Amino acid sequence: MSEPNAAAAAVVGNALQALSERVSVFVEREMRGRHGDAWEQAARSGLTVAADSALDLGALLQVIEQHWSTVFVAKLAPGDRAAVNELRGVRNAVVHQRGFTTPDALRALDAMQKLLRSMGDTAAANDVVRLKAALAEPPKSPLRSSTRASFSSVGTSLPRPPLTASRT
C-alpha cells in the first residue's frame, strides 16, 4: 500500500484550484442559461454559504449536484455526476489536509479530467493529462539503477548446466 506523499497532495491541491476557476465559469453559464439574471440566487438556494461570499469549489460542486436534474443533466453524463461527488470528497480531503497517495491523486486527477472534458474544456483536461503523466512517472533514484544492474548481472554468474548429447 502506498504512503501519502507531499508531492501528490500538492499536485491535487493545485489542480483543484485550477478546476475551481473552470467550474465557476461553467456553473454560471449553465445556471444563467436556465435562470437568467437570478442564476446566483438560484445557485445559492440550499447552500449554507454567506450571501456576500464567493462560491468555492465545494459550493460549486454542490450546486451541480442540487441542480442536476433541472440544469446540468442536459450537459453532463451520468458518470459525470459520480465524478462531481468524488471531487467533493477530494476537495474536503485537501481542505482538511488529509494525505494523498499517488494512486489516490491519480484517481482524483481522473475525475477532474472527466468533468473538464464533459464541460467542454479540453485544454484544461489535457493539462490534467500532463499532470497525471508527471505524477505517475517513477522517481529517478540511484537505488533503481543499481538494482537494475545487479539483476542483469545475475544471469551471467550462474553456472551453466552441462551439455548432453542429443539422441538421434
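Of the 168 residues of the chain, 33% count as buried (under 20% relative accessible area; exposed is over 50%, partly exposed in between; 1.4 Å probe, protein chains only). This is a predicted model, in which local features need pLDDT of at least 70, side-chain atom pairs count only at pLDDT 80 or more, and totals for chains, interfaces and linings use all residues. Residues are numbered from 1 along each chain as its sequence is written, and side-chain values use heavy atoms, with hydrogens and water left out.

**Overall fold**

- The chain has 7 helices and 0 strands.
- Helices (H or I, at least four residues) and strands (E, at least two) are DSSP runs, numbered from the N terminus.
- In sequence order the pattern is α-α-α-α-α-α-α.
- Among contacts with a separation of 6 or more, 64% join residues 24 or more positions apart.
- A contact here means heavy atoms within 4.5 Å.

**Helix α1 against helix α5**

- Helix α1 spans residues 6–35 and helix α5 spans residues 102–119; their axes come within 10 Å and cross at roughly 20°.
- Axes are lines fitted to C-alpha atoms, for helices over the stretch in contact, and angles run from 0 to 180 degrees between N-to-C directions.
- α1 and α5 are therefore roughly parallel to each other.
- Angles under 35 degrees count as roughly parallel, over 145 as roughly antiparallel, 65 to 115 as roughly perpendicular and the rest as oblique.
- The crossing of α1 past α5 is left-handed (the near helix is turned anticlockwise from the far one by less than a right angle; clockwise is right-handed).
- On the α1 side, the contact residues are A8, V11, V12, A15, L16, L19, R22, V23, F26 and R29.
- They meet T102, A105, A108, L109, M112, L115, L116 and M119 in α5.
- By class, the contact of α1 with α5 has 15 nonpolar, 1 polar and 2 charged residues.
- Ala, Val, Leu, Ile, Met, Phe, Trp, Tyr, Cys and Pro count as nonpolar, Asp, Glu, Lys and Arg as charged, and the others, Gly among them, as polar.

**Helix α4 against helix α5**

- Helix α4 (residues 78–95) packs on α5 at an angle of about 135°, with the axes 9 Å apart.
- α4 and α5 are therefore oblique to each other.
- Their crossing is left-handed.
- From α4, the contact takes G79, D80, A83, V84, E86, L87 and V90; from α5, it takes R107, A108, A111, M112, K114, L115 and S118.
- The residues of the contact of α4 with α5 divide into 8 nonpolar, 2 polar and 4 charged.

**Buried residues**

- L76 sits in the loop between α3 and α4. It counts as buried, at 4% relative accessibility.
- Not counting residues up to four places away in sequence, L76 touches F26, I64, W68, L115, S118 and M119.
- The C-alpha atoms of L76 and R117 are separated by 9.7 Å, at 41 residues apart along the chain.
- G58 belongs to helix α3 (residues 57–66). Its relative accessible area is 12%, so G58 is buried.
- Between the C-alpha atoms of G58 and N92, 34 residues apart along the chain, the separation is 7.7 Å.
- K132 lies in helix α6 (residues 122–136). With a relative accessible area of 17%, K132 is buried.
- Leaving aside neighbours within four places in sequence, K132 is in contact with L106, L109, D110 and Q113.
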